[in-house]
Amino acid sequence: MANSLWPYFVLLALLLTRAVCAELTYHDEFEIIARAEAYLDAMDRRDLALARGLSERSLSGSANYTPTHTTCPSGSLIRLASTGLSSEESQYVAARQNVTRDALVSLLDRIGLDNFDASGFIGSNTSINIGLAFSGGGYRAMLNGAGFLAAADSRTVNSTDKGHIGGLLQASTYLVGLSGGNWLVGSVVLNNFSTIQALQADPVVWDLSNSLLAPKGANVTAATEYYRQVADEVAGKSDAGFEISLTDYWGRLLGQQMFNYSAGGVGLVWSDIADTEPFKSRDLPFPMVVADGVTKGEAVDIETATVFEFSPYEMGSWDNTLGAFFPTKYLGSEVVNGTPANSQQCVVGFDNAGFVIGTSSSLFNIAPLNSTFIQNSFLPSQLLSALSTVQNDSYTRDVAVFAPNPFFGVNGTSVQMDPLIGLADGGEDSQNVPLLPLLQSEREIDVIFALDNSADLDSNWPDGSALISTYERQFVRESASMPYVPDNNSFVALNLTRQPTFFGCNASNMSSVTPLIVYMANYPYTYLTNSSTIQLSYSTAQIEGFITNGYNLGTQGNGTLDSEWAACMACALIHREVERRGIEHTAQCQQCLQKHCWDGSIATSRATFGELNPGLLINANVLSTAAAGSSTTTAASSTVTSASTTVSRSATASTSSASASESTSALASTTRVAPAATSATSAAGAVRDTVWSSAAGAVAIALFCAFGI
C-alpha cells in the first residue's frame, strides 16, 4: 500500500515546494476581473457566437481517451503515394478553390494594385493555391504565429484596413503546422475555426499563466486532481492493450490548454476536423501536421528521417522510405498487407487530437530523462529515483508510439519492416518550417508563406536554418524540389530575416518549378519575442506582446515600415500565374520583386552583434522592452497594432487603428495595468524559473508514467 502511494506524496511535496517558492505574477482577484472584462469586451466587439469560441463548438467529442473498436471499411486501407492525392483531398481542394477564388479577388481588389484588374485576371477558372506554413518553437512559435494569422484573417477587427493583409487566410488553400506551430493550427482548426481574438478571450484555452508542472498554480488540491485525471485517462488506453509513451501524457497536457476540456477535448480526434461545419462548407484551408519518423538506435537528421504528415483524411509520407498513406480515422487498427486482420475490429479514436499535436512536438528522444538532465535538474532525490525507472525501453518511452504499424509488410521499405512506428517532433531533422507537404508537386502550390519562429541563434532568433535544411534534403535523398537559398550568415547579414524575403522568384532558373516562398522570420518589431522554446508559462502581457508582434510582422507595422508591403504581398500571390502566362508584371510588381526577391548574393562579412541580437524595430523609444512579462505600453499609431486587433485576457490596452496622418497621436488608453512580474528582477527567481520551465513537462509526464502505466 505504501509503495503504491509514495509517488503521490512526492508529487504533493513537489507542488507544496512550488507553491511556497513561487512569486505570483498576478493576484487571483485581478485575473478573475480581467478575464471577465476581456470576455465581455470580445462579445461587444464580435458577435456572440464568435466570442464564445469553443463553448459553441460543433463537436461534442467523447469523454474517453481510450480508442474503441468498430467495423472496418471494405478493401485495403493503404493508398500508395504514387497514385497522387487522395480522392478526398482532391475533392476538398477543388471545392475550396471555388471559395478561395472569390476571396483572392476581394483581397486583391481591396489592396488595389496599380493597373491591375483582379476579376479579369482570376476569372472563373484560374486557381492560385496558397499555403501557410507555421514553424516549431514552442509557445514562442504559437503566439508569434498567432499574430500573423490574426493579421491574415479578415474576421479580425481592423484587419481589412489600408496597409493590412486580412483575407489572406480566406484565400489560402493549405494550412500546415509543426510542433508549436501546430499548437496554433490545431487550436484554430479544432476549436471550430476560431479566430485568434476568440481564442485569446476564451476563459479556458491559451491560459499559459502557470507552467505544465503546476497547472493550477498554488492550489495543491486542484493540481493533484488534475494529475490524477490525466493519469487515469492515459491508463485507460494502456489497459485496453495499446502501447503508450511519454507523448500520451504530453498530449493530454497540451490538449487541456489548446482545446476546451469540458466541451470534449479528452475525446477529440484529429479526423473529427472533417465533421466540423467550417470544413464541410470549405471555409477552412486544408489542415496538416508534420512529424518525423524515428528509427530505433539512430539520430534524426535530414538523411534518415521519414517526414510524416497528418491530414483529416490520411497519415503517411511521400518519402521513398514509405511512399504510402493510411486513413487517419483508423490508426491503431491491425492490418495485414493493408487489409484489416479482422473486418469487425478496426480501431477509432487512436488519432486523439492532443496526441497528434503532442506527437508533432515530442522531443523526449533528444531531451529525455537522461542522466545529465537528471543530475542537473535540482529535483528531490526521491523524484530522481522515480524518473530512472519510468520504462526500460527508452525508444518506446521517448517517441510517440503508433502501434501496430499500419504499413507493416506492404512492400518492404524501411518503415514498413518495423512492427511499430515511432514519431517525434517535426523539427528534429532541422526542417523546422513544415515546407515538405507544400512542396509536393501533386498539390500544385503557387506560393508558400513560411513563418519561421525557430531559435537558431544563441539569442533565439532564426537564421534561415530551416529553409537551408529543406533545400539540402533534395540532394541527399529523393525529395521535393526547393528553391535556392543562401547560407545562414547571409540570411542574417543581408537582413533577409528582417523583412519579408522571396525565394524562387525566377522559375526559369530552376530545373523544376517550385512554389514561390515568402519567408517571414520572427523579428522584434514591437516586442522581444525571442523567448526560450522550453519556456512553459507566459503572462497575459507577454501573450499580448507576442501576438501584437506577429501582427506587425504580417503587416510590416500596418504599412509604416513599408507602405507598399500589402501590394508586394499581392504581387507574390499572382507571381507564378504571371510566369505561367508569359506576361510581364506591372511596374509596381516589378519594383516589389526587385525589393523582396533574394538576388542570389552571399554576404562577404560576418553578421554583426546588432544583427544577431536586434532591438525593437518599431517605436523603440516608446515601447517597454522588458521581456520578462512586465506590461507593455503600446504607442498607438499607424505602425502598431494592439488590443484593437487582438483580444487579451488582461485587457491591458485598447487602441484603434490610426491613419498615417495620425501617426504621432497617442490613441492608446490603458484600462487596467497588470502588476509587473517580480521574479525577473531576482537572480534566484530567474534561476528558479529557468529550472522549472525546462523541467516542467518532462518531470510531470515522467511522474504520470511512473504511477500511471
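**Helix packing and disulfides**

Colleague: How are α6 and α7 oriented to each other?

Modeller: The model is a predicted one, and in it α6 and helix α7 (residues 180-190) pack at an angle of about 50°, with 7 Å between their axes. Angles under 35 degrees would count as roughly parallel and those from 65 to 115 as roughly perpendicular. The two helices, α6 and α7, are therefore oblique.

Colleague: How many charged residues does the contact of α6 with α7 have?

Modeller: On the α6 side, Gly-138, Tyr-139, Ala-141, Met-142, Gly-145, Ala-146 and Leu-149 meet Gly-180, Gly-181, Trp-183, Leu-184 and Val-188 of α7. Sorted by class, this contact of α6 with α7 holds eight nonpolar and four polar residues, and the number of charged residues is none.

Colleague: At what angle do the axes of α6 and α19 cross, and what does that make α6 relative to α19?

Modeller: Helix α6 (residues 138-152) and helix α19 (residues 540-555) have axes that come within 6 Å of each other and cross at roughly 50°. That angle makes α6, relative to α19, oblique.

Colleague: How many residues of the contact of α6 with α19 are charged?

Modeller: The crossing of α6 past α19 is right-handed. From α6, the residues Arg-140, Leu-143, Asn-144, Ala-146, Gly-147, Phe-148, Ala-150 and Ala-151 meet Ile-543, Phe-546, Ile-547, Asn-549, Gly-550, Tyr-551, Leu-553, Gly-554 and Thr-555 of α19. The residues of this contact divide into 10 nonpolar and six polar ones, and the charged count is one.

Colleague: How many residues apart are Cys-505 and Cys-597?

Modeller: A disulfide joins Cys-505 to Cys-597, with 1.9 Å from S to S, and the link is left-handed, with -95° about the S-S bond. Cys-505 sits in the loop between β15 (501-503) and β16 (516-521), while Cys-597 sits in the loop between α21 (587-596) and α22 (609-612), so that the pair links distant parts of the chain, and their separation is 92 residues.

Colleague: Are Cys-505 and Cys-597 buried or exposed?

Modeller: Buried requires under 20% relative accessible area. Cys-505 has 15% relative accessibility and counts as buried, and Cys-597, at 16% relative accessibility, likewise counts as buried.

Colleague: Which helices hold Cys-568 and Cys-592?

Modeller: The sulfur atoms of Cys-568 and Cys-592 are 2.0 Å apart and form a disulfide, whose link is left-handed with -75° about the S-S bond. The pair links distant parts of the chain, 24 residues apart, with Cys-568 in helix α20 (residues 565-581) and Cys-592 in helix α21.

Colleague: Why is the disulfide of Cys-571 and Cys-589 called left-handed, and what is the torsion about its S-S bond?

Modeller: Cys-571 and Cys-589 form a disulfide with their sulfur atoms 2.0 Å apart, and both of these cysteines are buried. The disulfide is left-handed because the torsion about the S-S bond of Cys-571 and Cys-589 is about -85°.

Colleague: What pattern do the disulfides of the protein chain follow?

Modeller: A disulfide is a covalent bond between the sulfur atoms of two cysteines. Counting pairs of cysteine sulfur atoms within 2.5 Å, the total comes to four disulfides. With bonded cysteines counted along the chain, the pattern is 1-2, 3-8, 4-7, 5-6.

Terms used. Residues are numbered from 1 along each chain as its sequence is written. This is a predicted model: local features need pLDDT of at least 70, side-chain atom pairs count only at pLDDT 80 or more; totals for chains, interfaces and linings use all residues. Side-chain values use heavy atoms; hydrogens and water are left out. Axes are lines fitted to C-alpha atoms, for helices over the stretch in contact, and angles run from 0 to 180 degrees between N-to-C directions. Helices (H or I, at least four residues) and strands (E, at least two) are DSSP runs, numbered from the N terminus. Angles under 35 degrees count as roughly parallel, over 145 as roughly antiparallel, 65 to 115 as roughly perpendicular and the rest as oblique. A crossing is left-handed if the near helix is turned anticlockwise from the far one by less than a right angle, and right-handed if clockwise. Contact means heavy atoms within 4.5 Å. Ala, Val, Leu, Ile, Met, Phe, Trp, Tyr, Cys and Pro count as nonpolar, Asp, Glu, Lys and Arg as charged, and the others, Gly among them, as polar. Buried means under 20% relative accessible area, exposed over 50%, partly exposed in between (1.4 Å probe, protein chains only).
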